[in-house]
Amino acid sequence: MKKIYLDHVATNPVHPEVLDAMMPYFKEHFGNPLSIYEHGMKAREAIENARSSTASLINAKPKEIIFTASGAEANNFAIKGIAYANQNRGKHIIISKIEHHSVLNTARFLEKSGFAVTYLPIDKDGVVNPADVEKAITKETILISIIHASPEIGTIEPVAEIGRIAKQKGVIFHTDAVASVGNVPVDVQSLNIDLMSFAAHQFYGPKGAGALYVKEGVRIVPLVYGGIQEGGRRAGTENVPAIAGMGKAAELAKRDLQKRIDYVKPLRDKLINNALKIDKVMLTGHPGNRLPNHASFVAEYIEGEAMLLLLSAKGIFAASGSACSSKALKASPVLISIGVPTHVAQGSVVFTLGEGTTEDDINYFNETFPQIISRLREISPYAKGWEGTEDSSCTAQK
Amino acid sequence: MYSPKVMDHFTNPRNVGEMPDADGIGTEGNPVCGDVMKIFIKVNDNKVVDAKFQTFGCGAAIAVSSMVTEMVKGMTLEEAMKITKGSLAEALDGLPPQKMHCSNLGADALHKAIEDYRNKQGK
């Protein structure tokens, strides 16, 4: 049976060249980078090379890169680290309703420890209005954190404009760019970014390697205290193979980025155009200004997990933001925030393409997807519409 | 995540569709929560002689609906009232814990269909 992986936003396979670059650091160059003999020197060298190529991918200086174990850690580090470093200046943080859980839940944690958080709304396409950011800034505001691109609905936010406003008002600006770095060009200078989180597995690097860009001169309190690793800002013996892999993946992403976009975007467009021919299937997120590999929909009258299971039985692997497909059994808050009614959000399905996706894959998908929707609608009591349905809250015991 | 039996009933659901001449109809659930089951029954001589379903929901919800309509056929109404979430889950070789409450609505929808039949008989 065919196996078509359309969940590249969840993670990616490690590029063969990346794996080759990692292997020596499991074996002959296994040393601790702090050791002064040759094992340590080799490992140290690998980390500094990786820092250079990682910095180069986003137009930063090597010393502005702090390696972490994930994008989530980088988000936690940025938000807590800036909040604690600046709490004497003020205790107000601005985020939005389209943030990843690792930003949202960190902000909620800070709220419990005495910080005030503003959660900016998003429009029907998932866009944060820069004017709303400007209005929300007070004398107490120390940090603005707005995602660069949404993994759920693909929308790319007006980060450069928000960064410009932050700079003008003297507020530190962080962006979670986990879904975008490696998929679209990201330049921290032209986007006016002070801090930025990203992760290697989003661009064919290994899991367990992420980074936080911290602009030179921005003071941050560590999340992990201990030794002098990462300039004393993130203690712990470095994950040398993963960092080496991240460096290689960054180098490849920089070299191939435009080629990757030019390859994947027409395939993604073909998928979207075909899916939108199906009755009562709607695109979620911005129609034009979205990640080039990202297609997300809601299909009415059916449920996302059921779609994913039937798709996977046909060899197609994808994601959903429906309540049943989430561990928390709650529909995606992002879908609710863009105004999708809760019962319609149950029909969420997300397809993300990658380097390995072929034209044949998309043709097969385009044949299969409408069949699966029809099949589930044949079973659904709502096949003729949502009669008798109110958008009440869910009171079922969970 | 799901047992082979759940996957079988989900991918090849039995007794799908509306029953225009149903003697009893029961609906349970809420689309806002993600699962709604509608069960139709045909009753003859105090026995369920036919059952059909329509379901909006996840794999577990569809499998449970298929299973309950299979199980109930041939049962007396009293026997049918004894079908529970537990007996349905057992017949499907188990359900993941998080699916037990919100997706396992088959027994409740069936009991509502029987209640509906009895109410109609009473009139």
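Ile94(A) sits opposite Ile144(A), a residue of strand 5 of chain A. This is a predicted model, where local features need pLDDT of at least 70 and side-chain atom pairs count only at pLDDT 80 or more, while totals for chains, interfaces and linings use all residues. Residues are numbered from 1 along each chain as its sequence is written, and chains are lettered from A and ligands numbered from 1 in the order in which they are written.

**View 1. Strand 3 of chain A and its partners.** Strands (E, at least two residues) and helices (H or I, at least four) are DSSP runs, numbered from the N terminus. Two strands count as paired if DSSP finds at least two bridges between them. Strand 3 (residues 92-96) pairs with strand 5 (residues 141-145) in the parallel sense over 3 bridges. With strand 4 (residues 116-120), strand 3 of chain A makes a parallel pairing over 5 bridges, and there His92(A) has Ala116(A) as its bridge partner. To get from strand 3 to strand 4, the chain passes through helix 4 (residues 101-112) of chain A in a right-handed β-α-β crossover (with the strands pointing away from the viewer, the path from the first strand over the helix to the second runs clockwise).

**View 2. Strand 3 of chain A, covered on both faces.** A residue is buried if 20 or more other C-beta atoms, placed from the backbone, lie within 10 Å of its own. For this strand that's 5 of the 5 residues, so it is largely enclosed by the rest of the structure. His92(A), Ile94(A) and Ser96(A) are buried on one side, Ile93(A) and Ile95(A) on the other.

**View 3. The open sheet of chain B.** Here 3 strands line up in the order 1-2-3, with antiparallel pairing. Strand 1 (24-30) and strand 3 (47-56) of chain B are at the edges with a single partner strand each, so one side of each has no neighbour in the sheet. Strand 1 and strand 2 (residues 35-44) of chain B share 7 antiparallel bridges; Gly26(B), for instance, is partnered by Ile39(B).

**View 4. Helix 6 of chain B.** Helix 6 (residues 106-122) lies across strands 1 and 2 of chain B, at about 145° to strand 1 (angles run from 0 to 180 degrees between N-to-C directions, with axes fitted to C-alpha atoms, for helices over the stretch in contact; contact means backbone-placed C-beta atoms within 7 Å). Its buried residues include Leu110(B), Ile114(B) and Tyr117(B).

Note on methods:
Contact = placed C-beta atoms within 7 Å. Buried ≥ 20, exposed ≤ 12 C-beta atoms within 10 Å, placed from the backbone.
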